[in-house]
Amino acid sequence: MRLKDKVGIVTAAASGMGRAGVLRFAREGARVAVVDLDATKAQQVVDEIVASGGQAIALAGDLTDEAFARGIVGETVARFGGLDFLWAHAGHPGPAAIEGLDLADFDFAVNLNVRSVLASVIEAIPVMRERGGGSILFTASTSGLVGSPFSPVYSAAKFGLVGLARSLAKRYGRDNIRVNALCPGTTDTPMLRVFVARPDNPATQGQDPEELVRNRGASNPLGRMGKPEEMANAALFLLSDEASFVTGASLAVDGGSTS
Ligand SMILES: NC(=O)c1ccc[n+]([C@@H]2O[C@H](COP(=O)([O-])OP(=O)(O)OC[C@H]3O[C@@H](n4cnc5c(N)ncnc54)[C@H](O)[C@@H]3O)[C@@H](O)[C@H]2O)c1
């Protein structure tokens with residue numbers, strides 16, 4: 001088992017890639033905190049893990065609430081006695097507009113995509129240092145590697161996470177804390193529908209969201225969307241000891257779209 005006896009937190013874990021991640025990590029021996037805004041779905045994921053013989057807790061709340069984003073670390077430590085990995089996966093597509101942009105929409109997107117991540121990291125670092133090390137993973141995006149004309153705020157936030165991962169990797173390497181960024185390409189989850197069909201995106205207005213999703217998937221070299229389980233596979237590698245010499249990396253898992 002690749003995460004035997006490890007304790008981990010995954011945010012946005014009631015759906016999509018985060019859900020695929022916690023189910024997989026539990027099968028690999030980890031005890032996991034399933035963090036999500038949706039309490040019912042988070043509990044369903046926990047029930048699924050427990051029914052398969054794993055251990056998990058649901059922590060339901062809004063990560064844009066600083067106290068909650070910080071508190072998930074203490075709650076996990078209180079329940080499982082430590083923390084070995086944190087996958088800060090939650091994010092939001094943010095606005096597509098520039099002209100006419102309401103900066104409150106910028107604030108919301110940056111709050112969830114970056115500030116909430118940092119809030120959890122602030123708490124995780126001392127716990128991991130005390131334990132002799134740990135692994136932190138941020139979900140950036142291919143929009144954190146290349147510009148995204150109709151997701152400029154999202155792209156700025158995700159570039160921010162890549163910069164944060166690189167900086168923290170350098171800062172905490174001697175504490176044996178690794179920090180990496182996962183950069184998914186188009187992946188078949190509910191958020192993808194929100195992303196492609198934002199009403200303030202002039203490039204897609206009036207188009208069918210499912211058609212947009214199909215076209216996006218077909219545009220990379222592999223000619224299809226990613227699956228949540230494929231992102232979970234990459235996250236599993238980066239969070240496990242198999243990646244013991246990998247830190248500060250930004251791993252594109254994108255069917256070759258940024259190649
Ligand atoms: N799907 C894609 O194509 C794609 C591509 C690149 C990056 N990403 C990134 O992946 C992450 C989203 O994951 P997904 O695609 O698996 O999405 P998803 O839609 O399957 O799941 C998102 C989950 O986040 C939870 N959530 C939303 N707001 C929250 C909040 N404020 N506090 C706590 N939980 C909250 C939702 O309840 C939901 O369960 C984001 O960081 C996104 O930027 C997605």
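Asn 176 sits in the loop that links helix 5 (152-172) to strand 6 (177-184). Keep in mind that you're looking at a predicted model.

- Most residues other than glycine have a negative phi.
- Asn 176 isn't a glycine, yet its phi is positive, near 60 degrees.
- How exposed is Asn 176? Asn 176 counts as partly exposed, because its relative accessible area of 46% falls between the 20% and 50% cut-offs.
- Asp 5 is another residue other than glycine with a positive phi, this time near 65 degrees.
- You'll find Asp 5 in the segment that comes before strand 1.
- Asp 5 has a relative accessible area of 54%, and the cut-off for exposed is over 50%, so Asp 5 is exposed.

- Which way do the residues of strand 4 (residues 85-88) point? Phe 85 and Trp 87 point one way, while Leu 86 and Ala 88 point the other way.
- Whichever way they point, all four of these residues, Phe 85, Leu 86, Trp 87 and Ala 88, are buried.
- One partner of strand 4 is strand 1 (residues 7-11), and the two pair in the parallel sense over three bridges.
- To spot that pairing in the structure, look for Ile 9, which stands opposite Leu 86 of strand 4.
- Strand 5 (residues 134-139) is joined to strand 4 by four bridges, and these two strands run parallel as well.

**Around the ligand**

- How many residues surround the ligand? There are 27, and the closest are Ser 15, Asp 36, His 89, Tyr 154 and Thr 189.
- Tyr 154 uses its side chain: an N or O atom there is 2.6 Å from an oxygen atom of the ligand.
- With Thr 187, it's a backbone N or O atom that lies 2.9 Å from a ligand oxygen atom.
- Gly 91 also has a backbone N or O atom by a ligand oxygen atom, at 3.3 Å.
- On its own, the ligand has 850 Å² of accessible area, and the protein covers 90% of it.

How values were computed. Residues numbered from 1 in each chain as written. Predicted model: local features only at pLDDT ≥ 70, side-chain atom pairs only at ≥ 80, totals over all residues. Heavy atoms only, no water. Buried < 20%, exposed > 50% of the residue type's maximum accessible area, 1.4 Å probe, protein only. Pairing = 2+ DSSP bridges. Near = heavy atom within 4 Å. Polar contact = N/O pair within 3.5 Å; in protein donor to acceptor, adjacent residues only side chain to side chain. Areas by Shrake-Rupley, 256 points an atom, 1.4 Å probe, with all protein chains shown as cover.
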